[in-house]
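User: I've got a structure to go through with you. Can we take it piece by piece?
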Amino acid sequence: MMDLQALWFVLIAVLFIGYFFLEGFDFGVGMLLPILGRNDTEKRVILNSMGPFWDANEVWIITAAGAMFAAFPEWYATLFSGFYLPMFLILIGLIVRIAGIEFRGKVHRQSRKNLCDLLIFVGSFLPAFMWGLIITNIVRGLPIDASKNMVGGLDVIFHPYALLGGLVAVVVFILHGALFLTLRTTDNVRLKAHKAAENFWLPAGILLAVFAWLGRSQTNLFDGMGLVPGTLPLLAILSFLIIPIALKIKNDGLAFISGGLMILFATVVAFEGLFPNVMPSSLGAEYHLTIRNSSSSPYTLQVMSIVAVTLLPIVLGYQAYTYWVFRQRVTPQTLEGGY
């Protein structure tokens, strides 16, 4: 039977999966804004496609960080202190993105609208890139010493393989965002989003293949897999391969779900590869942060479990209801105030 430490590791993994799935298309839409939006109406359609959802999607990472702090305080402390600069850049990105989205509908001069568009693009790119860099570093292992602190300079986290991980996250989220736009828009914007999804699919596939291949030497994730990577990696590959087929037959829902499932399975592979560690140390197995040596007391985990069982269905139900209410496609005729 799964104990509370393992249960909370799984719950935190679920929260990160939800975040990358939901906020991933938000980041993609923000990065595609200057590419697909050729005039103010098209840009407003693009932004309104995620308008009812983007701020609620950010709740997933806030909840994940809160759960990590309460359930695994040593993991939280090492992660946020060791990745201080990437976390700071993520925070800056989220702030300028919010400012760009909120102020765009309140300014009238074109130069200020252009500034808001730039803020939305930068604020979408920075978190996407930095999360890819952070997850890559965690899976690869970091120089964590006996005091559970990361040692070394910025070269420890800004090395070529981690930068490649950041680039992979950016391209995958752009593809996810393009698929979301094909599902939520009509007419010219939908056609351009469809074309963008087709154009970004192959670069995403090449980057993912190179990233996975290098991962065999850079990480321990593939140890014991052999030539057949296993069920979950195969499901991730299969989901990715379905995307162009779904685009070819104009099935927008299948294309978006396939892209989302690819992100889901890839994230599960990363967390599964870590377990029972939460942050492996490159200095020696005795310094690994695990679900055992970084967790809170059993009493704390029990209280958290009761609270989660009580409140989680309410939060999930509310968010599902929001997606149902705003399920219609956004068109220039349905645009109202804002953005």
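User: Which helix is Asp-187 found in?

Analyst: Asp-187 is in helix α9, residues 187-218. Keep in mind that this is a predicted model.

User: What is phi of Asp-187 near?

Analyst: Phi is near 55° for Asp-187. That is a positive value in a residue other than glycine. Most residues other than glycine have a negative phi.

User: Is Asp-187 buried or exposed?

Analyst: Asp-187 is exposed, with a relative accessible area of 54%.

User: And Lys-250, where does that one lie?

Analyst: Lys-250 lies in the loop between α10 (231-248) and α11. Its phi is positive too, about 60°, and Lys-250 is not a glycine. Lys-250 is exposed, at 52% relative accessible area.

User: Switching to peptide bonds. Which residues does a cis bond join?

Analyst: Phe-275 and Pro-276, with omega about 5°. Pro-276 sits in the loop between α11 and β1 (277-279). Most peptide bonds are trans.

User: On to the inside. Which residues touch the most other members of the largest nonpolar core?

Analyst: Phe-16, Trp-75, Leu-79, Phe-83, Trp-131, Ile-134 and Met-279 do. That core has 93 residues. Helix α1 (residues 4-36) gives the most to this core, 18 residues.

User: What is Phe-16 in contact with, leaving aside its neighbours within four places in sequence?

Analyst: Phe-16 is in contact with Ile-61, Ala-64, Met-68, Trp-131 and Phe-271.

User: How many cavities of 30 Å³ or more are there?

Analyst: The count comes to one. The largest cavity has a volume of about 100 Å³.

User: What lines it?

Analyst: The lining of the largest cavity includes Phe-16, Met-68, Trp-75, Leu-79, Trp-131 and Phe-271. Elements giving two or more residues to this lining are α5 (73-82), α7 (110-140) and α11 (252-274). Helix α7 gives the most, with five residues.

User: How many nonpolar, polar and charged residues are in that lining?

Analyst: Twelve nonpolar, no polar and no charged.

User: Back to α5. Which of its residues are buried?

Analyst: The buried residues of α5 are Trp-75, Thr-78 and Leu-79. They cover an arc of only 95° around the axis, so they are on the same side of α5.

Methods. Residues are numbered from 1 along each chain as its sequence is written. This is a predicted model: local features need pLDDT of at least 70, side-chain atom pairs count only at pLDDT 80 or more; totals for chains, interfaces and linings use all residues. Side-chain values use heavy atoms; hydrogens and water are left out. A nonpolar core is a set of buried Ala, Val, Leu, Ile, Met, Phe, Trp, Tyr and Cys residues joined through side-chain atoms within 4.5 Å. Buried means under 20% relative accessible area, exposed over 50%, partly exposed in between (1.4 Å probe, protein chains only). Helices (H or I, at least four residues) and strands (E, at least two) are DSSP runs, numbered from the N terminus. Contact means heavy atoms within 4.5 Å. On a 1 Å grid over the protein atoms alone, a cavity is a set of points where a 1.4 Å probe fits but cannot get out, and a pocket is an open set with protein on both sides within 12 Å along at least five of seven lines; lining residues have an atom within 4 Å of a point. Grid points are joined across faces, edges and corners, and a volume is the space filled by probe spheres set on the points. Ala, Val, Leu, Ile, Met, Phe, Trp, Tyr, Cys and Pro count as nonpolar, Asp, Glu, Lys and Arg as charged, and the others, Gly among them, as polar. The arc is that of the directions from the helix axis to the C-beta atoms.
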